[in-house]
Number of protein chains: 2
Amino acid sequence: MAQSSFPCSGLAVNCGKVEEVENQEEGTTRKPVIEYHGIDQVLVEEMVYEALVWSSLHGLVVGDKSVQRSGKVPGVGLVHAPFALLPMPFPENQWRQAVELTPIFSELVDRVSLDGKFLQESLSRTKKADAFTSRLLDLHSKMLEINKKEDIRLGLHRSDYMLDEQTKLLLQIELNTISCSFPGLSSRVTELHRNLLNHYGEVLGLDPKRIPGNNAYSYFVEAFAKAWTEYNNPRALVMFVVQAEERNMYDQHWLSAVLKERYNITAIRKTMAEIDAEAELLSDGTLLVGGKAIAVIYFRAGYAPNDYPSESEWRARLLMEQSSAIKCPSISYHLAGTKKIQQELAKPDVLERFLDNKEDIAKLRKCFAGLWSLDDPNIVKEAIERPELFVMKPQREGGGNNIYGADVREALLRLQKEGTDGSAAYILMQRIFPTVFQTFLLRNGICHKDYAVSELGIYGAYLRNKDNVIMNDQCGYLLRTKISSSDEGGVAAGFAVLDSIYLT
Amino acid sequence: MAQSSFPCSGLAVNCGKVEEVENQEEGTTRKPVIEYHGIDQVLVEEMVYEALVWSSLHGLVVGDKSVQRSGKVPGVGLVHAPFALLPMPFPENQWRQAVELTPIFSELVDRVSLDGKFLQESLSRTKKADAFTSRLLDLHSKMLEINKKEDIRLGLHRSDYMLDEQTKLLLQIELNTISCSFPGLSSRVTELHRNLLNHYGEVLGLDPKRIPGNNAYSYFVEAFAKAWTEYNNPRALVMFVVQAEERNMYDQHWLSAVLKERYNITAIRKTMAEIDAEAELLSDGTLLVGGKAIAVIYFRAGYAPNDYPSESEWRARLLMEQSSAIKCPSISYHLAGTKKIQQELAKPDVLERFLDNKEDIAKLRKCFAGLWSLDDPNIVKEAIERPELFVMKPQREGGGNNIYGADVREALLRLQKEGTDGSAAYILMQRIFPTVFQTFLLRNGICHKDYAVSELGIYGAYLRNKDNVIMNDQCGYLLRTKISSSDEGGVAAGFAVLDSIYLT
């Protein structure tokens with residue numbers, strides 16, 4: 001149980017949607033609020049054992065990448081999901097703030113999605129620099145051309161935040177509108193932590209009631225069921241669009257299993273290639289897959305270039321988009337969640353184009369970190385001079401590609417030399433320095449005692465049918481905790497684990 | 001999804017207590033009541049997928065023997081427990097009969113356990129032939145010498161039956177009084193089957209309500225809690241005596257986890273060697289392990305010679321036996337469950353020594369298969385002539401050592417040549433030919449379509465404090481299903497999976 005380092009990729013789970021916890025920490029050690037490292041080692045070992053057992057009995061599991069079939073066949077090659085032994089301290093005010101923001105962001109996404117011109121124009125330069133965004137925009141253009149309307153709109157978003165240590169400000173990292181992972185497993189981790197505090201809270205001086213409830217999967221399933229009801233075809237199915245290999249499948253299975261159990265609605269799983277092979281579009285817009293009508297399409301693939309190895313996948317995406325099935329997300333929702341749009345929305349007077357309520361606008365703006373296009377020569381100059389204060393983010397989804405530190409300077413200088421088109425593939429963002437806490441991280445049955453930083457994601461479920469907003473709820477959260485280190489590269493990037501929050 | 005054969009050991013789970021499903025089938029194919037093999041293959045595949053997912057999310061798991069740490073560290077190297085896709089047909093009358101027998105058998109064990117002389121005398125010849133039984137008897141003698149009384153007696157038994165195809169009689173295979181496995185996982189399988197029938201029952205023509213409820217783990221945990229209460233030391237713990245490597249650990253963890261959750265009672269896990277190193281006996285009889293008082297000792301090890309690799313383990317067993325902790329089982333309960341005692345109890349007028357109620361006695365006798373000592377020359381002669389009608393069972397616990405077919409003749413002739421002492425290590429039992437059914441067996445994510453036979457075990461929980469019987473309940477069941485074959489040896493021995501019953 002010693003502090004240790006290990007070669008790893010910085011991914012919460014090395015499979016499924018690759019979501020890197022933002023690398024925003026700095027190396028100095030600060031006095032933590034909760035001194036987890038002071039806990040008696042025998043007690044830690046007891047809790048570790050109990051937590052590992054709990055995760056095995058209660059489906060807090062992923063596919064083990066060392067077992068070949070574990071990404072394809074359920075029930076084999078299981079290992080507990082990586083998780084933090086105890087919840088991370090988080091200030092109650094900022095938690096409430098994040099919760100309050102959720103329906104406003106969902107509303108914003110909906111409004112932005114309806115402004116096809118804004119999406120196309122904002123992304124026009126990115127289109128030239130990024131081939132993937134370009135294909136998405138082409139799809140979007142086609143839908144604009146045929147004047148495709150999405151009366152029933154379903155969004156299952158996750159807005160990610162970090163808490164800036166110096167200013168104590170809750171700052172948004174990004175807004176995910178496609179394939180937000182961990183609604184299933186994050187709920188499990190919260191339950192695990194509450195369970196541990198029920199048993200050990202007294203000796204630890206921690207109150208299980210200070211861990212906010214987390215039923216993300218329950219809300220997601222409710223959203224599917226309500227969307228399915230709106231679609232109004234009792235024989236139609238829900239379709240999960242998945243990758244061919246998915247070691248994070250149990251996170252998804254929690255949704256489909258509970259959908260079946262609570263609502264008796266069947267979800268099928270299909271890859272984009274399978275959809276291309278099996279799907280057909282009826283003249284009334286009905287999407288049939290394997291002869292069965294699809295009411296709701298839930299994307300857990302399709303967000304990254306790797307998900308489109310051939311034209312087959314693009315054909316499938318187009319067919320789905322053309323259909324009357326409820327797409328979670330539609331191409332418009334998908335584009336509304338890109339980093340470039342995030343940066344555009346942060347510009348003065350842009351939010352006002354989409355929202356009326358001034359208080360709401362003020363709330364959103366308060367959580368915006370500094371966001372800049374690389375068109376701004378002053379900012380680029382500043383970033384070259386003080387790269388440690390910036391993060392360079394590529395348009396591409398899926399994390400792991402952010403640029404930090406001296407690399408920011410190098411990249412900016414290279415882009416300046418190459419000309420302007422390439423720079424449109426990036427945005428610049430203020431670097432956030434979150435508080436460092438003591439933690440225990442568990443992976444592969446091994447406990448690592450270390451210092452860590454966290455990123456908070458709040459799930460939002462949004463469903464409307466024309467003018468009728470059926471759901472707009474904050475629904476659970478994801479806390480990802482990652483080893484902190486003074487060194488950004490290599491081993492020190494650490495790995496992220498699932499966590500929950502403890503309100504302080 | 002073809003019928004297939006595979007090299008395997010015939011064990012339900014190749015770890016923990018080795019419990020072989022009795023190899024009592026014959027090769028002829030009979031018309032099954034429920035034609036599972038006629039189910040549409042697409043539907044079978046759908047159910048298989050759903051079942052594998054369900055088992056991963058709901059802790060129907062074991063350690064994968066291909067992963068080294070999976071028997072030591074929880075949370076790693078998990079794989080779904082082997083199970084049958086659908087419940088096995090079983091006649092309701094015989095089911096009720098088995099349920100009714102349970103409290104009578106528990107009462108019988110208790111009465112027999114109090115007759116030290118009967119145990120010693122009945123096993124006196126076995127003592128000479130079997131070194132392990134000899135050590136157990138020595139322990140028992142020591143307790144008799146010091147006049148050790150067990151006021152609080154806890155039994156968690158399982159009586160195993162097969163249904164004889166021709167006579168439709170429910171016949172007892174054996175009565176287990178130590179380390180009865182699968183109270184945790186068998187409950188899970190029943191829940192899985194009910195879940196599947198909730199979804200697919202209509203199309204299959206099966207009613208989920210025809211699967212009897214199965215909460216073995218719940219009763220076991222209640223029994224621990226009640227025993228703990230009787231012991232009356234609020235700081236005392238429950239101790240699970242376990243093997244150093246245990247791939248069936250989740251079956252046990254279901255018990256300890258629920259004990260903690262429902263009753264806030266902590267269970268620790270210790271091997272016999274650890275107990276020898278850490279335990280001490282206070283003058284008042286209190287057993288301390290690692291400085292903590294033990295209220296209840298639950299043996300999930302200690303039933304087989306392999307569990308005693310050195311004198312250390314025997315010292316630990318003696319120390320526990322001498323203590324005031326409630327032993328599940330005590331040495332007397334342990335001996336009362338041996339095959340030799342089973343055979344003695346089947347002799348005329350023996351039951352009458354222990355039970356008063358004539359109806360109860362008649363019920364027990366009705367389920368006794370033919371059981372004989374090898375002292376009986378007529379039976380030995382008959383078995384040599386028609387070995388196919390007999391099974392030769394060694395005294396040793398743990399199955400896998402039974403002798404069938406031509407081997408019975410060979411073994412008997414060999415024993416006759418060698419003299420009489422060796423023969424006391426065996427009993428002869430009538431061979432039972434159970435009904436063969438169509439089934440789907442799942443192991444390691446692979447579905448095998450085959451013909452199978454089943455063995456039904458009924459769990460009983462018995463707790464008394466002096467004259468006060470606190471619990472005497474039938475509490476759930478275990479159905480193990482095993483590939484049937486005309487050939488007894490080698491591959492054809494098949495493997496056993498967890499199953500549940502469907503009342504017909």
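A crossing of two helices is left-handed if the near helix is turned anticlockwise from the far one by less than a right angle, and right-handed if clockwise. The exercises below apply this and related ideas to a predicted model.

**Exercise 1. Determine how helix 5 of chain B packs against helix 10 of chain B, and state the hand of the crossing.**

Solution.
- Step 1. Two packed helices are described by the angle between their axes and the distance between the axes.
- Step 2. For helix 5 (residues 131–145) and helix 10 (residues 311–322) of chain B, the angle is about 35 degrees and the axes are 11 Å apart.
- Step 3. The crossing of these two helices of chain B is right-handed.
- Step 4. Helix 5 of chain B contributes B:Phe132, B:Arg135, B:Leu136, B:Leu139, B:Lys142 and B:Met143 to the contact, and helix 10 of chain B contributes B:Glu311, B:Trp314, B:Arg317, B:Leu318, B:Glu321 and B:Gln322.
- Step 5. Sorted by class, the residues of this contact are six nonpolar, one polar and five charged.

**Exercise 2. Classify the orientation of helix 2 of chain B relative to helix 14 of chain B, and describe their contact.**

Solution.
- Step 1. Helix 2 (residues 92–114) and helix 14 (residues 358–366) of chain B pack at an angle of about 110 degrees, and their axes are 10 Å apart.
- Step 2. Angles of 65 to 115 degrees count as roughly perpendicular.
- Step 3. Helix 2 and helix 14 of chain B are therefore roughly perpendicular to each other.
- Step 4. The crossing of helix 2 and helix 14 of chain B is left-handed.
- Step 5. On the side of helix 2 of chain B, the contact is made by B:Gln97, B:Glu100, B:Leu101, B:Ile104, B:Phe105 and B:Leu108; on the side of helix 14 of chain B, it is made by B:Asp360, B:Lys363, B:Leu364 and B:Lys366.
- Step 6. This contact has five nonpolar, one polar and four charged residues.

**Exercise 3. Carry out the orientation analysis for helix 6 and helix 8 of chain A.**

Solution.
- Step 1. The axes of helix 6 and helix 8 (residues 249–263) of chain A come within 6 Å and cross at roughly 90 degrees.
- Step 2. That angle makes helix 6 of chain A roughly perpendicular to helix 8 of chain A.
- Step 3. A:Pro183, A:Gly184, A:Leu185 and A:Arg188 of helix 6 meet A:Asp251, A:Trp254 and A:Leu255 of helix 8.
- Step 4. By class, the contact has four nonpolar, one polar and two charged residues.

**Exercise 4. Identify backbone features at A:Ser179, B:Phe182, A:Pro329 and B:Pro329.**

Solution.
- Step 1. Most residues other than glycine have a negative phi, and most peptide bonds are trans.
- Step 2. A:Ser179 has a positive phi, near 55 degrees. A:Ser179 lies in the loop between strand 6 (170–176) and helix 6 (183–204) of chain A, and at 3% relative accessibility it counts as buried.
- Step 3. B:Phe182 also has a positive phi, near 75 degrees. B:Phe182 lies in the loop between strand 6 and helix 6 of chain B, and is buried, with a relative accessible area of 3%.
- Step 4. In chain A, a cis peptide bond joins A:Cys328 and A:Pro329, with omega about 10 degrees. A:Pro329 belongs to the loop between strand 12 and helix 11 (331–336) of chain A.
- Step 5. In chain B, the bond from B:Cys328 to B:Pro329 is cis, with omega near 10 degrees. B:Pro329 is in the loop between strand 12 (326–328) and helix 11 of chain B.

**Exercise 5. Describe the surroundings of A:Ile326 and B:Ser454, and state whether each is buried or exposed.**

Solution.
- Step 1. A UniProt record (unreviewed entry) places the feature "domain: Glutathione synthase substrate-binding" at residues 237–336 of chain A. Over these residues, the chain is 40% helix and 26% strand, and the end C-alpha atoms are 27 Å apart.
- Step 2. A:Ile326 is in strand 12 (residues 326–328) of chain A. Under 20% relative accessible area means buried, and A:Ile326, at 1% relative accessibility, counts as buried.
- Step 3. Neighbours within four places in sequence aside, the contacts of A:Ile326 include A:Ile152, A:Leu154, A:Tyr231 and A:Val296.
- Step 4. B:Ser454 is placed in strand 17 (residues 446–465) of chain B. B:Ser454 is buried, with a relative accessible area of 15%.
- Step 5. Not counting residues up to four places away in sequence, B:Ser454 touches B:Met88, B:Met162, B:Leu479, B:Arg480, B:Thr481 and B:Asp499.
- Step 6. B:Ser454 and B:Ala84 are 370 residues apart in sequence and 11 Å apart in space, C-alpha to C-alpha. A:Ile326 and A:Arg210 are 116 residues apart in sequence and 37 Å apart in space, C-alpha to C-alpha.

Methods:
Residues are numbered from 1 along each chain as its sequence is written. Chains are lettered from A and ligands numbered from 1 in the order in which they are written. This is a predicted model: local features need pLDDT of at least 70, side-chain atom pairs count only at pLDDT 80 or more; totals for chains, interfaces and linings use all residues. Side-chain values use heavy atoms; hydrogens and water are left out. Axes are lines fitted to C-alpha atoms, for helices over the stretch in contact, and angles run from 0 to 180 degrees between N-to-C directions. Helices (H or I, at least four residues) and strands (E, at least two) are DSSP runs, numbered from the N terminus. Angles under 35 degrees count as roughly parallel, over 145 as roughly antiparallel, 65 to 115 as roughly perpendicular and the rest as oblique. Contact means heavy atoms within 4.5 Å. Ala, Val, Leu, Ile, Met, Phe, Trp, Tyr, Cys and Pro count as nonpolar, Asp, Glu, Lys and Arg as charged, and the others, Gly among them, as polar. UniProt positions are given in the numbering used here, feature names are shortened, and annotations may be inferred rather than shown by experiment. Buried means under 20% relative accessible area, exposed over 50%, partly exposed in between (1.4 Å probe, protein chains only).
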